[in-house]
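Please look over the chain shown below before reading the briefing that follows.

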Amino acid sequence: MNTKRMRQTNDDRGTGRTEAFSDGVIAVAITLLILDIHVPNAQKDLLQALLDQWPAYLGYVTSFL
């Protein structure tokens with residue numbers, strides 16, 4: 001009888017642990033993506049140097065979607 005009660009308690013946990021784990025995985029993935037973006041070494045025209053890195057920015061923005 002005690003086993004039946006333990007099963008019911010374990011089944012009532014819901015999805016909280018799974019959601020917390022998936023949030024952690026996504027946070028690590030986003031952190032790894034931002035590490036790929038570097039400040040460009042540009043003496044002139046910093047805006048163009050930043051725009052040349054558009055694939056890295058696109059990957060970072062897409063990860064939030």
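In which helix is Val-28 found? Val-28 is found in helix α2, which covers residues 16-34. This is a predicted model, in which local features need pLDDT of at least 70 and side-chain atom pairs count only at pLDDT 80 or more, while totals for chains, interfaces and linings use all residues. Residues are numbered from 1 along each chain as its sequence is written, and side-chain values use heavy atoms, with hydrogens and water left out.

**Confidence**
- The chain averages a pLDDT of 77, and 80% of the residues score at least 70; pLDDT is the predictor's confidence in each residue, from 0 to 100.
- Confidence is lowest in helix α1 (residues 2-11), at a mean of 56, and highest in α2, at 87.
- Where pLDDT is low, the predicted coordinates should not be read in detail.

**Fold and surface**
- The secondary structure comes to four helices and zero strands, where helices (H or I, at least four residues) and strands (E, at least two) are DSSP runs numbered from the N terminus.
- Buried residues, meaning those under 20% relative accessible area, with exposed being over 50% and partly exposed in between (1.4 Å probe, protein chains only), make up 6% of the 65 residues in the chain.
- The chain exposes about 6,100 Å², of which carbon and sulfur atoms supply 61%; accessible areas come from the Shrake-Rupley method with a 1.4 Å probe, and for residues only the protein chains shown count as cover.
- Val-28, Leu-32, Ile-34 and Leu-35 make a nonpolar surface patch of about 380 Å²; patches are made of residues with over 30% relative accessible area and no salt bridge, like charges being joined within 9 Å and nonpolar side chains (Val, Leu, Ile, Met, Phe, Trp, Tyr) within 5 Å.
- A salt bridge is a side-chain nitrogen of Lys or Arg within 4 Å of a carboxyl oxygen of Asp or Glu.

**Helix α4**
- Ser-63 lies in helix α4 (residues 54-64) and counts as partly exposed because its relative accessibility is 26%.
- Leaving aside neighbours within four places in sequence, Ser-63 is in contact (heavy atoms within 4.5 Å) with Ile-30 and Leu-33.
- The C-alpha atoms of Ser-63 and Ile-26 are separated by 8.3 Å, although these residues are 37 residues apart along the chain.
- Phe-64 also lies in helix α4, and counts as exposed at 52% relative accessibility; its C-alpha atom is separated by 8.0 Å from that of Ile-30, 34 residues apart along the chain.

- Asp-45 has a positive phi of about 55° although it is not a glycine, and Asp-45 is exposed, with a relative accessible area of 53%.
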